[in-house]
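Student: I would like to learn how to read a helix and its surroundings in a protein model. Could we work through one together, step by step?

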Amino acid sequence: MKIAISGKGGTGKTTISTCLTQIFLKRGKRVILIDADPDSNIKTTLNIKEEIIPLIELKEIIAERTGTTPGERAIVFKMNPEVDDIPDRFFYKNGNLLVGVLGTVRGGGLGCMCPENAFLKAVLRNLILKRNEVVIIDMPAGIEHLGRGTTEGIDWLLIITEPTEKSIDTTERIEKLAKEIKIKRIGVIGNKVESEVERNFISEKLKNLNILGFIPYFQEIKKGEIEGKTPWEVVDKILDYFNEIVEKLEVKNGE
Ligand SMILES: Nc1ncnc2c1ncn2[C@@H]1O[C@H](COP(=O)(O)OP(=O)(O)O)[C@@H](O)[C@H]1O
Ligand SMILES: [Mg+2]
């Protein structure tokens with residue numbers, strides 16, 4: 001299963017990416033979790049102490065694979081560099097989990113035409129199309145990571161929304177884009193829901209979308225963050241909510 005996670009900043013994409021990862025690991029699956037949001041830090045949420053080299057910093061390797069020279073502005077470069085070995089060499093590994101960090105492309109984000117982007121996109125394409133593990137991609141609100149040749153490999157795009165107008169607007173915008181690029185299945189998760197009123201607000205505003213579940217607001221999560229604890233270490237029942245969501249993902253996946 002290949003899952004991309006998007007939504008407005010601060011809605012809980014990283015929290016939810018890591019909770020889903022934890023559920024799949026508990027079910028005995030191998031998981032590759034990708035931090036693809038420049039504004040994010042998956043290491044903190046997962047409480048990983050080791051360094052994870054952002055792929056964008058692999059200057060020599062990027063140059064070698066794209067047929068360019070480090071530090072020189074490249075006009076001609078390979079759009080499909082060889083990257084099969086990258087996850088196993090440069091991702092953080094712990095048992096059945098691999099964690100990769102893309103890093104930030106200076107200026108232009110993932111839209112710009114440069115060897116670094118060709119490399120990062122090739123890594124994503126490789127993960128989505130060639131790996132057997134569950135792949136979970138923690139993305140920014142923009143979904144330009146999912147370009148040509150990768151959308152058909154994505155089983156689900158999950159959009160995380162809070163009970164706020166702004167977050168709902170972003171959700172609708174992302175959904176529209178995702179439909180345009182023909183993502184197969186789009187689901188919404190309502191997060192930080194504190195009351196029935198807030199839950200109904202999301203349901204009502206997004207009644208044409210496929211809402212897969214709601215996660216309550218748990219004050220302990222933020223406190224846990226400061227103490228270096230993962231969300232499920234401070235609120236163990238949080239994973240129950242995700243169990244239900246994963247079951248929906250799997251049912252739909254088998255159709
Ligand atoms: N269900 C929740 N209850 C309470 N706090 C949450 C919840 N989900 C996320 N948070 C907190 O909200 C903040 C933003 O979450 P994060 O997952 O980093 O969002 P994003 O990746 O979308 O920017 C973090 O401090 C996180 O601990
Ligand atoms: Mg994040």
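Tutor: Let us begin with helix α1 in this predicted model, where the buried residues are K13, T14, T15, I16, S17, T18, C19, L20, T21, Q22, I23 and F24.

Student: What does that list say about how α1 is placed in the rest of the structure?

Tutor: Twelve of the 14 residues of α1 are buried, so the helix is largely enclosed by the rest of the structure. After α1 comes G28, which has a positive phi, near 85°.

Student: How far apart are the end C-alpha atoms of α1, and what span should we expect?

Tutor: Counting 1.5 Å a residue, the 14 residues of α1 should span 20 Å, and because the end C-alpha atoms are 20 Å apart, the two values agree.

Student: Which residues is L20 in contact with, beyond its neighbours within four places in sequence?

Tutor: The general idea is that, in soluble globular proteins, nonpolar side chains tend to be buried together. Here L20 is in contact with I3, I136, F242 and V246, once those sequence neighbours are left aside. In the largest nonpolar core, which has 63 residues, L20 is among those that touch the most other members, together with I5, I34, V123, I136 and L157. Helix α5 (residues 115–130) gives this core its largest share, eight residues.

Student: Which elements supply residues to the shell around ligand 1?

Tutor: At least two residues each come from α1 (13–26), β7 (186–193) and α8 (219–226). Ligand 1 is surrounded by 17 residues, of which the closest are G12, K13, T14, T15 and I221. Sorted by class, this shell holds four nonpolar, nine polar and four charged residues.

Terms used
Residues numbered from 1 in each chain as written. Chains lettered and ligands numbered in written order. Predicted model: local features only at pLDDT ≥ 70, side-chain atom pairs only at ≥ 80, totals over all residues. Core = buried A, V, L, I, M, F, W, Y, C linked by C-beta atoms within 7 Å. Buried ≥ 20, exposed ≤ 12 C-beta atoms within 10 Å, placed from the backbone. Helix = DSSP H or I, 4+ residues; strand = E, 2+ residues; numbered from the N terminus. Contact = placed C-beta atoms within 7 Å. Near = placed C-beta within 6 Å. Nonpolar A, V, L, I, M, F, W, Y, C, P; charged D, E, K, R; others polar. Expected span 1.5 Å × (residues − 1).
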